[in-house]
Amino acid sequence: MWRHIASNALTFFIVALFLLGGVVALASKQYTAPGPLAEAICLRVERGSTMSTVAENLGDMGAVSSTAIFRMGVDYADKADDLKAGSFRVERAASMSDIAEIITRGGQNTCGTDIIYRIGVNSQQIQVRELDPASNRYVDLARFDPTEDAPAAYAEAREDSDTTYNVVMAEGVTSWQVANALNNLDVLDGAVDAIPPEGSLMPDSYEFQPGDNPNAIVARMTAAQEQFLADAWAARVDGLPLNSPEEALILASIVEKETGVAEERRQVASVFVNRLNRGMKLQTDPTVIYGITKGEGVLGRGLRQSELRRETPWNTYVIPALPPTPIANPGRESILAALDPDSTEFVFFVADGTGGHAFATTLEEHNRNVARWREIEAERAASDGG
């Protein structure tokens, strides 16, 4: 009798093990299988949230087929204590395993609201935008000049603890413009200690937190430019009339200010390299302008003949060499162009009316290009006057 009971118990135990194994296998398959989301969502994880709370939110949003399996899977993966606060984009059909990875790996927000402080050559702008998770595209909530009254969307974004903040510095901006803009940001604490050396800042996007010191942002900009310039200098082509990384930075800043057409940078650089190799004056207007403004704002008018003749350290119509400093902060592509220019015989260029330039190897050819540009200017003036 006891043997019979023991045999039945063993049989029941084996069957239970098989059933349990099947349940575990099914749950594991469900945890890693594509989820029920028909389109991407933005999942917000508040500070102090628990994994159970997040699981319930995911269930309410239709992102997981079973909150219990989600919690068990997270526990089994030993991620229950790794939950990060923030706003996270969850892709369409994301598995529970995918979602667990997204909300525990950390890093910057992948959706939600951004405030971007844009430092441009001619203006500054504050942009408030929000990522639409379904299309994975940003939607503008507000764009305004910092000197204007801030719209309600800006104040609301400032109150949101998950809002991401970025300073975006454009190529060709001067160091004075960067320092001035940072000093005017009321979300930062403190002021820039001193105007950074011209050309020493890398144009890029820099994330920060409200209350950060602007000198910390400047330090990151400086470190990025130093590292990129060092790497580019080490990989430079042979035969350049440049004696140091600083001279490369000066040339790159001139290229940056001379063209806004990306495809032209290496051609423009080749003109200046050819002129330096031949002992010709660079004769470039942006350097003359810098000698007048010292980078403190925009000239806002055309150059006068007297200014083109006036001798300053930056007037390349007078000095037979590079100016003593960069005239702006060049971006990566202009630095690369200065250190790996196109191989051309060009020594002249002038605007061609399309936003780009017409290049020439002889003065005669250049004069024809200049005459054509004068015609275009006259036609535009007549059209504007009419």
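Lys and Arg count as positive and Asp and Glu as negative, with His and the chain ends not counted. The place of a charge is taken as NZ of Lys, CZ of Arg, CG of Asp or CD of Glu. On this basis, the mean positions of the 33 positive and 54 negative charges of the chain lie 3 Å apart.

The model is predicted: local features need pLDDT of at least 70, side-chain atom pairs count only at pLDDT 80 or more, and totals for chains, interfaces and linings use all residues. Residues are numbered from 1 along each chain as its sequence is written, and side-chain values use heavy atoms, leaving out hydrogens and water.

The chain has a radius of gyration of 30 Å, whereas a compact globule of 386 residues would have one near 21 Å. The radius is taken over C-alpha atoms, and the globule rule is 2.2 Å times the number of residues to the power 0.38. Along the principal axes, the C-alpha atoms fill a box of roughly 115 × 50 × 45 Å. The accessible surface comes to about 20,300 Å², and 51% of this belongs to carbon and sulfur atoms. Areas come from the Shrake-Rupley method with a 1.4 Å probe; for residues, only the protein chains shown count as cover.

The secondary structure comprises 13 helices and nine strands. These are DSSP runs, numbered from the N terminus: helices are H or I with at least four residues, strands E with at least two. Buried residues make up 42% of the 386 in the chain. Buried means under 20% relative accessible area, exposed over 50%, and partly exposed in between (1.4 Å probe, protein chains only). Contacts are heavy atoms within 4.5 Å. Among contacts between residues at least 6 apart in sequence, 61% join residues at least 24 apart.

Valine 45 lies in strand S1 (residues 41-45). Valine 45 counts as buried because its relative accessibility is 1%. Leaving aside residues up to four places away in sequence, valine 45 touches Val54, Leu83, Lys84, Ala85, Gly86, Phe88, Ile103 and Asp162. Valine 45 and phenylalanine 88 are 43 residues apart in sequence, yet their C-alpha atoms are 8.0 Å apart in space.

Ile103 belongs to helix H4 (residues 96-104), where Met96, Ile99, Ala100, Ile102, Ile103 and Thr104 are buried. Just after H4, glycine 106 takes a positive phi of about 80°.

Met96 is also touched by serine 66, as is Gln30, not counting residues up to four places away in sequence. Serine 66 sits in the loop between helix H2 (51-60) and helix H3 (67-76). At 16% relative accessibility, this serine is buried. The side chain of serine 66 reaches the backbone nitrogen of isoleucine 69 at 3.1 Å.

Two residues other than glycine have positive phi values. Aspartate 78, at about 60°, lies in the loop between H3 and strand S2 (86-90). Its relative accessibility is 64%, so aspartate 78 counts as exposed. Lysine 294 has a phi near 55° and lies in the loop between helix H10 (285-293) and helix H11 (305-309). With a relative accessible area of 40%, lysine 294 is partly exposed.

In helix H12 (residues 332-339), the buried residues are Ser334, Ile335, Ala337, Ala338 and Leu339. Their cover includes helix H7 (214-234), helix H8 (245-258) and helix H9 (265-278).

Note on methods: Polar contact = N/O pair within 3.5 Å; in protein donor to acceptor, adjacent residues only side chain to side chain.
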